[in-house]
Amino acid sequence: MAIALNKITTFLFFLLVNSLVYYSIQSLASPRNPNSLILGLTLASRASFPTYPKASTSSRKIVSIDVLGAKKPSREVRDGYLISLNIGTPPQVIQVLMDTGSDLTWVPCGNLSFDCMECDDYRNNESMATFSPSYSSSSYRASCASPFCIDIHGSDNPLDPCTVAGCSLSTLVKATCSRPCPSFAYTYGAGGVVAGILTRDTLRVNGSSPGVAKEIPKFCFGCVGSAYREPIGIAGFGRGTLSMASQLGFLQKGFSHCFLAFKYANNPNISSPLVVGDIALTSKDDMQFTPMLNSPMYPSFYYVGLEAITVGNVSAAEVPSSLREFDSLGNGGLKIDSGTTYTHLPETFYSQVLSILQSTINYPRDTGMEMQTGFDLCYKVPRPNNNALTSDDLLPSITFHFLNNVSLVLPQGNHFYPVSAPSNAAVVKCLMFQSMDDGDDGPAGVFGSFQQQNVEVVYDLERERIGFQPMDCASAASSQGLHKT
């Protein structure tokens with residue numbers, strides 16, 4: 001998510017039900033390494049989705065990845081990446097968004113209808129799946145004394161949740177209270193809220209080879225009954241206690257992902273690889289790594305420092321120091337967030353980047369399309385007569401320069417993207433960046449999933465660093481057996 005995720009201690013209880021798209025799981029595993037798995041995902045198309053990701057005042061996104069475990073593939077649905085979860089006994093398959101910008105994993109729960117306020121884009125999706133605890137023989141409520149319950153309620157006093165749950169003083173002192181964790185409300189930086197109960201159940205990750213599987217009993221997640229602007233469940237991949245990476249036991253190592261380009265959004269035959277565990281960090285000696293910055297306010301999230309942005313051969317104006325360091329309250333840094341679609345930059349600096357682009361690009365602006373889509377910079381780009389070129393070749397490159405002399409030239413299609421069909425030998429392309437409000441607490445900027453397409457991003461948690469490497473993610477998926485031919 002674009003802004004830091006916060007937890008609030010309002011204790012609410014709702015039941016929710018919804019239905020998503022059903023995904024079948026194709027799992028590929030490496031029996032040579034028990035600490036890593038390779039999983040595949042097939043996505044049913046969502047015909048109601050737009051042909052391009054929409055601009056929005058909300059930085060929340062939605063696309064697709066695959067299951068949890070170790071090496072998983074991700075699949076695009078809209079402008080986020082979905083993971084397929086197998087939860088319960090017998091397993092129930094639920095699709096949720098993979099989010100490196102939060103910790104909590106939650107799924108829509110219940111046997112009624114999904115109550116999601118201001119989720120009009122999803123009202124008519126009748127195939128959305130929900131988790132039903134009553135249909136799982138291994139499901140139960142988390143205890144009020146569990147570290148997960150203390151974490152979800154953000155309390156400095158470990159006795160608070162059990163006190164709210166109604167435990168007597170004697171059971172509090174003796175640590176014998178067995179009451180369930182109180183209902184929670186969990187908020188996201190863009191204003192979304194989910195409310196539900198903390199649940200524990202079995203999470204299974206199956207490999208294609210006989211005997212290759214990973215089972216996580218007592219996996220802790222949110223069973224959500226009501227949501228506001230959060231229509232799809234989330235798999236939190238932050239560094240906190242509740243995160244999926246933490247509960248899977250891979251937080252000591254790391255993970256990596258290679259997001260497919262948005263053009264594959266409706267292709268059911270290919271998945272983006274998400275690698276969790278040892279193999280995510282192998283053969284990375286030649287990769288460029290930038291230090292991971294640790295925020296004293298939000299230690300669960302992944303921050304890096306941004307030193308400069310170059311448009312073609314022109315450097316943008318001086319990058320504010322807030323994009324590479326934290327203030328006394330812990331605000332600042334550039335957050336790496338798969339849960340936010342577009343890269344967000346501080347408003348003043350963002351305006352400077354726009355000015356440089358405008359002075360560099362000589363094609364006609366399409367202000368009508370800017371009004372229609374909400375993007376800030378749209379151009380009518382001619383279609384090259386030379387078959388060896390694309391309209392992307394006619395636009396300046398954009399390079400991000402991180403700390404430790406690490407530079408990433410954004411792959412073609414990661415900055416300007418077509419928002420309409422070609423017309424009169426031209427295509428309208430818009431800049432897929434947005435501004436952040438300077439007054440917001442939390443990160444100074446966000447590096448979103450759209451700019452991470454066709455880039456291998458490696459989270460080396462053991463050495464606290466993040467690596468970037470341009471890569472053809474479709475070819476990577478094929479080499480890992482995640483592309484059906």
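## A guided tour of salt bridges and cores

Begin by selecting Lys253 and Glu462, whose side chains form a salt bridge with an N to O distance of 3.9 Å; the term denotes a side-chain nitrogen of Lys or Arg within 4 Å of a carboxyl oxygen of Asp or Glu. This pair joins distant parts of the chain, 209 residues apart: Lys253 sits in the loop between helix 4 (244-247) and strand 14 (254-258), and Glu462 in the loop between strand 29 (455-460) and strand 30 (465-470). Helices (H or I, at least four residues) and strands (E, at least two) are DSSP runs, numbered from the N terminus.

The model is predicted: local features need pLDDT of at least 70, side-chain atom pairs count only at pLDDT 80 or more, and totals for chains, interfaces and linings use all residues. Residues are numbered from 1 along each chain as its sequence is written, and side-chain values use heavy atoms, with hydrogens and water left out.

Colour the pair by accessibility next. Lys253 is partly exposed at 32% relative accessibility, whereas Glu462 is exposed at 52%. Here buried means under 20% relative accessible area, exposed over 50%, and partly exposed in between (1.4 Å probe, protein chains only).

The structure holds six salt bridges. Another of them pairs Arg465 with Asp460 at 2.9 Å, N to O; Asp460 is buried, with a relative accessible area of 5%. Then select Arg204 and Glu215, whose closest N and O atoms are 3.3 Å apart in a salt bridge. Because Arg204 belongs to strand 11 (residues 193-206) and Glu215 to strand 12 (residues 213-228), the pair ties together parts eleven residues apart in sequence. Arg204 counts as buried, at 17% relative accessibility.

Thr105 is buried, with a relative accessible area of 0%. Beyond its neighbours within four places in sequence, its contacts (heavy atoms within 4.5 Å) include Leu85, Phe219, Gly236 and Met244.

Finally, turn to the largest nonpolar core, which has 69 residues; Val107, Phe237, Leu357, Phe400, Phe402, Ile466 and Phe468 touch the most other members. Such a core is a set of buried Ala, Val, Leu, Ile, Met, Phe, Trp, Tyr and Cys residues joined through side-chain atoms within 4.5 Å. Its largest share, six residues, comes from helix 5 (residues 347-360). Centre the view on Leu357: leaving out residues up to four places away in sequence, Leu357 touches Val311, Leu377, Tyr379, Pro396, Ile398, Phe416 and Leu431. A second, separate core of 28 residues includes Leu97, Ala142, Cys167 and Val224.
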